[in-house]
Each structure stands twice: as structure tokens, then as C-alpha cells.
Amino acid sequence: MSFVNGKCRQQLHLEPPMGWLNDPNGLSFFGGYYHVYFQYSPDNADGSGKKCWGHYRSCDMISWEFTGTVLFPDTPDDKDGVYSGSAVVYDDTLHIFYTGNVKEEGEHDYITSGRGANVIHVTTKDGVTMSQKKTVLRNSDYPDFCSCHVRDPKVWREGGKWHMVLGARTLLNKGCVLFYTSDDLDKWEYMGTDSVPDFGYMWECPDMFTVGGHRYLSVSPQGLEHYETKNQNAFQSGYFLSDSGLTDFTEWDMGFDFYAPQTFEAPDGRRIIIGWFGIGDSAYTNPTTALGYQHCLTIPREVTADEKGRLMQNPVRELLELRKESRHLSNGETAEITLPSELTADVHGSFKISFDGKLDLVWDGKIFELRFTDNKYGSGRTTRKAVLDKCSDISIIADTSSLEIYLDGGRTVFGTRFYPDNERVTVSAEGISAEIFSLRGMEVKYLGE
Ligand code: FRU
């Protein structure tokens, strides 16, 4: 099987050419391209390799070029991993900030000692060739209440200053964020911290942004309690409304495979989110690992706010370009479709949509449930649920081995990997009738390694 065009390859999602992918990094629009960097270990698919940054770029978010690995752990300050970070455009230059991970030799618990977490600044004029690395913050610069888990700088411009938010774990095992500001992207001043009582031991990958006049803090907390319809995965990712204090934590995605998302602003002002379409420490697996690669990113989703400040996510409109023929699926009918496909429907009451009779999507008017009835199909995934007491519509992006399900205008989203035998699957509908579009795959060119 060709590793680039093999049957299991996703057609609408960015995957690593070989090896392992996790968080999206450095999302930005610069020099005529959307840039999507990502946590990348090219030489091994199980996540145990040293983290680098891989790089995709695109003019339109539907045809992409992989330019190769652009940041390597090659200095004393990032010798054990070029961890997650972000990018801002200033002065015709893309400024990248990431965490340089350092594991010290010796006897350490690697929580209170033994780990260096450096904020490193690099610049690029073309998105590919990087400047020298400069460390702008190191452990001694963080407040005394922090453990050595401080990482994932997200930088933005606001009110005439540069701002940075970092995720952290305190010495008392509380997740929190740290805020810094700068006038020159070089000297950073600590401004304060924020947190919520009893909300996990570590907050990773923070992000701060405004949508529809509301302020939001997105974080990926670790150590939350699990419930039947909430926090069902090993770790969570969600957003707080942050207009006054941190309130109303809402998970970005209720499915099996979502973590560490990042947002950025497109040139036309849209706020766009991309997540890691995967998660660490899960009981379920991905059979592509045996083929030498694992994980992908979610499709870019536009983020808007409803009148109550609830965020809605929907596939960016660029994906409409990929639609080919359409057909109608009536209530009670079963149809064979070819992946990738898209399904959209208005919802008027309870419904069930089933893929090959092995993955059921069920809404009973109160709870939405995504349920695998076949273990091979789900590769260990079982069931995920969310409270959904109203639902006006559903739309599903079905790729070769994933579903992204957008409910009620995108207020609730479920993403899952699934592993059908081939790209022909049956869809059956009860209580609902739908439009199904077959989709053209994205073009992906591999320019580097
Ligand atoms: C989240 C994360 C980040 C870290 C990166 C390392 O998945 O743990 O906190 O920077 O992955 O790959």
C-alpha cells in the first residue's frame, strides 16, 4: 500500500505522511497561505518519538502542500521536543512561539523538578525556513506557585500590546493559565493567572479570543471527573465564557477523538478552529498505526456565537467546493454511499441514522448518542452521549475513516474515527430524510519530508 494514497488515507483531513501527529500549532494566514503546523514525530507512529513541527500550507483550505518538518528539537532549550505553540504576523514576518521541552538527567518526578519548559521565539519569512531560536521565558520566569508543567504559548495582539497565555499545573496540582504581555515580542511581563476551583490538575493548550462580542478562554484540562453525558474521554477540551470570570465550560466536541484545539482569525475575520482528531491515553486505537502512521487534524470549523454566547462550529464554507452529485435519502430508506460524503438533514423529532448497521447515531429528543455496535468498526470505541434537548438540524462530514457530526446549528459536535471495511458504506435513516452529497477529496501535495 502506498503510504500517501493508500485506502485508509483520509480524503478531507490532514494526516502525517508517516509517523505520528498530535496538536495543531501555529495556525495563521500569512504570505497568501493558511499555515497549519502540527506536532509531528515522523519516525514512529505510536507517539513515543521526539516532537517536531510538521507543516501544511494552503491558499484555500481545500488543496494543501506538505512542506516537511520545519522545526526540530536541535538546541539545548528544546532538546526533548518542540512542543505546542502559536504564531502571529508582524512586520511581514511570521513570529512563532512554542514550548521547548527539556528533560533533565537524574532522579526527578518531572512535575516539581526535572523538566524545563522554555518559551522559544523563532521567525520565518516564508513559513518554512526558520530563524535562529531565542528563549524568551524559562522556568525561573514563571510564578513560584507553578510546577514545571507550563506550556503551549498562544500569542495575540490586542489594545496596542502583544499578549500571551500559557497553560500550567500548580504545585498544588491545579490547572490554570498564566498571562503575559509584551511591547516587542521579546521581553514578556507576567500579568496574572486565572483558574476555576476543582477543575483538573493541568490545563493544556490555552487560547483566548473574541467571537460575537463575547470573550472566551479555551483550554484542554486534564483530571476532570467523568460523567455519563460529560467529560467522557480521558481528557477534555472546551471553552469558558470569559466576559466576567470563567463560566459555562462547554466541551468543544463530545465524540471520542478530539483534543488540544487552536483557533485563528482568517483574513476575512472568521474565527476558525482546528483540533487534534485524536487524544492521548485512550483505551481505543487506530489501525493505521500498523501502516506506519496515526491521527489527523479535524477539518477547519468556523466558530460563531449564538445570542446566548454558546459557540457554534461548522465546516468552513470552502468545503462546499468539494461537493459533487447529490441524492435524497428518504425516511426509512437505506442507501449505499462512497466515502467521502456529506449528509445534511432538518430534524423534526427523534431519529436514528446508521452506518453499515454498525455505528448508530440516535436522538430521542433528550439525549444524542453515538454508539458502535461492532468493535472492529470502532476499534475499541463504544458509546458517547450528550444532553441535547433541542435539535433543528444535523450535518455529517463522513471521511474514509471518520465522522464529524454537527447538531443543532453546530452547537453540539461529535467527532469520531471509524474503520469500515472499505469506502462503500450503507446509510439508513429512521425518522429523518436527508440530502447526501458525494465529495471530491482534497488535493495534497508532498513537497518535503
Ligand atoms: C497536548 C500536549 C501539549 C504539548 C504537546 C506535546 O496534546 O500534551 O500540552 O505541548 O501535546 O506533544
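Guide: Welcome! Let's start with a definition: helices (H or I, at least four residues) and strands (E, at least two) are DSSP runs, numbered from the N terminus. One such run is strand E21, residues 311-315, and asparagine 314 sits in it. Before we go on, this is a predicted model, in which local features need pLDDT of at least 70 and side-chain atom pairs count only at pLDDT 80 or more, while totals for chains, interfaces and linings use all residues. Residues are numbered from 1 along each chain as its sequence is written, and side-chain values use heavy atoms, with hydrogens and water left out.

Visitor: Is asparagine 314 buried or exposed, or partly exposed?

Guide: Buried means under 20% relative accessible area, exposed over 50%, and partly exposed in between, with a 1.4 Å probe and protein chains only. Asparagine 314 is partly exposed because its relative accessible area is 28%.

Visitor: Which residues does asparagine 314 touch?

Guide: A contact means heavy atoms within 4.5 Å. Not counting residues up to four places away in sequence, asparagine 314 touches Pro300, Arg301, Glu302, Tyr406, Gly409 and Gly410.

Visitor: Where is lysine 103 found?

Guide: Look in strand E6, residues 93-103. Lysine 103 has a relative accessible area of 42%, so it is partly exposed. Its contacts, leaving aside neighbours within four places in sequence, are Lys79, Asp80, Tyr110 and Gly114. Aspartate 77 is 26 residues from lysine 103 along the chain, with 9.9 Å between the two C-alpha atoms.

Visitor: Which residues is serine 58 in contact with?

Guide: Serine 58 belongs to strand E3, residues 52-58, and its relative accessibility is 1%, so it counts as buried. Leaving aside neighbours within four places in sequence, serine 58 is in contact with Gly32, Tyr33, Tyr34, Ser63 and Trp64.

Visitor: Now for sheets. In what order do strands E13, E14, E15 and E16 lie?

Guide: Two strands pair if DSSP finds at least two bridges between them. These four strands form an open sheet with the order E13-E14-E15-E16 and antiparallel pairing. Its edge strands are E13 (202-211) and E16 (247-251), each pairing on one side only. From one strand to the next, the twist averages 25°; for such angles, axes are lines fitted to C-alpha atoms, for helices over the stretch in contact, and angles run from 0 to 180 degrees between N-to-C directions. Between E13 and E14 (residues 214-222) there are eight bridges in the antiparallel sense, and glutamate 204 has serine 220 in E14 as its bridge partner.

Visitor: How many disulfides does the structure hold?

Guide: A disulfide is a pair of cysteine sulfur atoms within 2.5 Å, and the structure holds zero. For cysteine 176, the nearest cysteine sulfur is that of cysteine 146, 5.3 Å away. Cysteine 176 counts as buried because its relative accessibility is 2%; cysteine 296, at 0%, counts as buried too.

Visitor: Which residues are around the ligand?

Guide: A residue is near a molecule or strand if one of its heavy atoms lies within 4 Å of it. Around the ligand are Asn22, Asp23, Gln39, Lys51, Tyr83, Ser84, Arg151, Asp152, Glu204, Tyr259 and Trp276. A polar side-chain atom of arginine 151 is 2.9 Å from a ligand oxygen atom. A polar backbone atom of serine 84 is 3.1 Å from an oxygen atom of the ligand, and for an N or O atom in the side chain of lysine 51 the distance to a ligand oxygen atom is 3.2 Å.

How values were computed. Polar contact = N/O pair within 3.5 Å; in protein donor to acceptor, adjacent residues only side chain to side chain.
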